[in-house]
Amino acid sequence: MNKKDLGLLILIVVVGIVVATLNPRFLLPINISNTANLVGLFGLSAIGQSIVIITGGIELSVGSAIALVGVLFVDFVANEGVPWPVALVLMIALGTLLGLIHGLLITKLKLQPFIVTLCGLLIYRGIARFYTQDGTAGFGFGQNFPALNWLTVGRSHGVPHSFVAMLIVAIIMWVVLHRSVFGRYLFAVGKNEEAARYSGIRTGLVIIWAYVICQILTAIAAIYFAMYTSSITPASQGNFYELYAIAAAVLGGFSLRGGEGSIVGVVLGVVLLQELQNLVNLLGIPSSLNFAVMGGVILIGITVDQQWGNVRAKFLPRKAA
Amino acid sequence: MAADAESAGHRAEPPWLVLANLSKSYGPVNALIDFSMTVARGEVIGIIGENGAGKSTLMKILGGVVAPDAGTLTVDGTPHSGFTVADSMGAGIAFVHQELNLFDNLDVAANVLIGREKRQGGFLNLLDRRAQRDAVAPLLRRVGANFAPNTPVSSLSIAQCQMVEIAKALSVDARLVILDEPTSSLPLAETDKLLDVIADLKRSGIAVIFITHRLHEIERAADRVVALRDGRLAGHLSRAEITHDAMVKLMIGRDLKLDEARSNRPVGDIVLSARGIRTPSRPAAPVDLDLRAGEILGLAGLVGAGRTELARVFFGIDKPLGGSLSLRGQPLRLKTTTDAVKQGIFLVPEDRKLNGVLLDLPISENISLPNLPAHARRSLVSRALENRTAETQRKNLAIKADRLATPARSLSGGNQQKVVLAKWLAMTPSVMIFDEPTRGIDIGAKAEIYRLMRGLAEQGVAILMISSDMEEVIGASDRIAVMHEGAIAGYLDRPDFSEENVLLLAVGKQMNHTAAA
């Protein structure tokens, strides 16, 4: 854990203490459990997003992909009689395909990530709505999938399994990003793609993999979201979720220029965002102000972080080389 | 020019700018110690010194960016205790930086007048494009530019960009123009043009400070030389005393021979062979080239002759439009740089900061990057293995770094170049391509790099050295290939090595004595 992560953790604790003082219900097990569930859901997609951001890219289609994968999964399982493990594999395959397409367009045709994934955002939302004729996809009465439910919306000793899933993914991705050869390549490509290429790294392949990993994690997140909401309105499911993910990564110390960030940071970023949501609910702030509070806190947080760097540079000048 | 220099030399005019006893330290590092010099109207002063000798600190003080700890600057008899950026500009000091600061999305006139645009006045106060052009045209004529004020900067060569920078300096009525490494990226012919411009500035009474590692140009252009070593004034040379050897001696405090004895080794077998290679930038000029084990083949030519493009093909960055490569007789197909690295073909690129090192990554991670899987156990990177490799390379190449965990950014240019070398030498090279290996590197580090290249050649590595530095091409090569407009114009063997021959081939003419082509 680096200093930035530690600062974020302290912020989370301080905000937590303030909220708990103002409204003790913050500390009720059920509130913490529910918040943990949301941290798990959003964390899954934010970790995926952060892998793309490390390369200096961005993945805007996450929210729409959550809607598309969600309606397909629920429809396959509820209406088409596809066994859920098969549907799960199909959805991960779909995520792989979407990531592959994005990665290929970005690396082979040299399209900008913002544009490619913005088009993805529009296309997948459109397909999701068309697929259900803008109707709601949901499970019928009496339909029950105990194992799937246990895995997704189940809880053990109050700990939501979505949170556990997020932790498992976070640990795996931590090893991948911070300890593996591939992770080092991700950082190198994000810092300076040309220099990485001049070092004999297949930069295109690294970038394609980043988008594939992002979409696979998004597909997993989509299934968790689908099981959590249990009925899916394709016009609104997952709206803005890419922005939550980007916000969490930025709060967690990622640079949108690439090459900087940590898994611990992005997870803490998600925790802080959900804590803020919870704060809005618990402190009786009109929920219409939800976004405004989140935007304000992110802006202040990033500004303070940046200025803190300047202040340090001023008073602790680096020794001249 | 020599007579010119005598008549307008510093003895004739009293100095208007006097630097007295300047000192500056950064923490424990003394960047400049008790340094004094003067500048008079119309004199050309060459400032030389190795990297870290204090040149850039001196320039920062002159620009008002850094305040000296002690000492004074006197302009026209008025001493300044705190010399600010505004004071510097007020004194008419203008800089032309090594890294050009032009906006290549704008045209020449917009760049020259940036921040001082001509306006139409009135309510909207729009840009007056015609007035801009009219103001800039005479300046361009003065610097001998053959392009119009409305030319987009993106279409100019590096030399032309420098002319724009100098025109910019003239537009603010500069009395002193400071050129920082102006010729380091210039091809031979354009260097001459720049030296002409300097002579012209001099004639109109403008003083020029000329900082360069290319001593040959100082010999040609400077009225006197000021040498810095370890932050101190190492000595002066008057016009008559300026010789290459004298300058080197002042800079490093001892004699130094650039080209060490070339052994007459028998040349080895052909390692890398190119047949009919056509690069995307010069599709009409197929290149045949054979590179032998144990030789240093110098690749000379004007900038834009297609040398770097050829290197990019050899390293798998660009795909050739046609032709074939072979390595030790086996056909070689390079889809990516990864393929080239696997075959032991390594490139030390021209732009060190952009392509050579990852400035923000630690030195050790830079060195292990091309061969990371060998520094990993079950695809998890082992810091211990990385550090071991980096430590070995630091010793072998004498990389001056306190800690291997510090970012490559903190190193000097020469040491960054050594890091680039280290990452390849930690593997087993069979072909090494050096693209401008010593650009912007001080003379001591240069000699070390030549020694390393020679050592590699002696181990049987085939070396291709692209260089625009004549001394380097002639001093370090076993054989020289000269490119002209994308094709190989001719080869030179040892007995035919001369600046003249290289130049003739580079501009597309025949060589002088032998009739080789």
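**Sheets, helix packing and the chain contact**

Helix H16 (residues 443-458) of chain B lies across E13, E19 and E20 of chain B. H16(B) runs at about 150 degrees to E20(B). Two residues count as in contact if their C-beta atoms, placed from the backbone, lie within 7 Å. Axes are lines fitted to C-alpha atoms, for helices over the stretch in contact, and angles run from 0 to 180 degrees between N-to-C directions. Helices (H or I, at least four residues) and strands (E, at least two) are DSSP runs, numbered from the N terminus.

The model is predicted: local features need pLDDT of at least 70, side-chain atom pairs count only at pLDDT 80 or more, and totals for chains, interfaces and linings use all residues. Residues are numbered from 1 along each chain as its sequence is written, while chains are lettered from A and ligands numbered from 1 in the order in which they are written.

The strands E13, E19 and E20 of chain B belong to an open sheet of six strands. Its order is E16-E19-E20-E13-E21-E22, and the pairing is mixed. Two strands pair if DSSP finds at least two bridges between them. Strand E16 (345-348) and strand E22 (487-493) of chain B stand at the edges. Each has a single partner strand, so one side of each is left without a neighbour in the sheet. On average, neighbouring strands of this sheet are turned by 20 degrees against each other, direction ignored. Within the sheet, strand E13 (residues 296-301) and strand E21 (residues 479-484) of chain B pair in the parallel sense over five bridges. Gly298(B) stands opposite Ile480(B) in E21(B). Helix H10 (residues 307-314) of chain B also packs on this sheet. H10(B) touches E13, E16, strand E19 (431-435), strand E20 (462-466) and E21 of chain B. The direction of H10(B) makes about 150 degrees with that of E19(B).

A second open sheet in chain B has four strands in the order E2-E1-E4-E5, with antiparallel pairing. E2 and strand E5 (78-80) of chain B are at the edges; each has a single partner strand, so one side of each is left without a neighbour in the sheet. The twist averages 20 degrees from one strand to the next. Strand E1 (residues 15-26) and strand E4 (residues 70-75) of chain B run antiparallel and are joined by five bridges. Val18(B) has Thr74(B) as its bridge partner in E4(B). Helix H2 (residues 55-62) of chain B lies across E1 and E2 of chain B, at about 60 degrees to E2(B).

Elsewhere in chain B, strand E7 (residues 176-180) has four of its five residues buried, so E7(B) is largely enclosed by the rest of the structure. A residue is buried if 20 or more other C-beta atoms lie within 10 Å of its own, exposed if 12 or fewer, and partly exposed in between; C-beta atoms are placed from the backbone. Strand E6 (residues 93-96) of chain B pairs with E7(B) in the parallel sense over four bridges. Here Val96(B) stands opposite Leu179(B). Strand E8 (residues 207-211) of chain B also runs parallel to E7(B), joined by five bridges. Val177(B) has Val208(B) as its bridge partner in E8(B).

In chain A, helix H2 (residues 29-54) packs against helix H11 (residues 241-251), their axes coming within 8 Å and crossing at roughly 65 degrees. That makes H2(A) roughly perpendicular to H11(A). Angles under 35 degrees count as roughly parallel, over 145 as roughly antiparallel, 65 to 115 as roughly perpendicular and the rest as oblique. The crossing is right-handed. A crossing is left-handed if the near helix is turned anticlockwise from the far one by less than a right angle, and right-handed if clockwise. Contact residues include Phe42(A) and Ala46(A) of H2(A) and Tyr244(A) and Ala248(A) of H11(A). The residues of this contact divide into nine nonpolar, three polar and one charged. Ala, Val, Leu, Ile, Met, Phe, Trp, Tyr, Cys and Pro count as nonpolar, Asp, Glu, Lys and Arg as charged, and the others, Gly among them, as polar.

H2(A) also meets helix H12 (residues 263-282) of chain A, with axes within 9 Å and a crossing of roughly 140 degrees. H2(A) and H12(A) are therefore oblique to each other. H2(A) passes H12(A) in a right-handed crossing.

The contact between the chains takes 29 residues from chain B and 19 residues from chain A. H11(B) gives the largest share of the chain B side, four residues.
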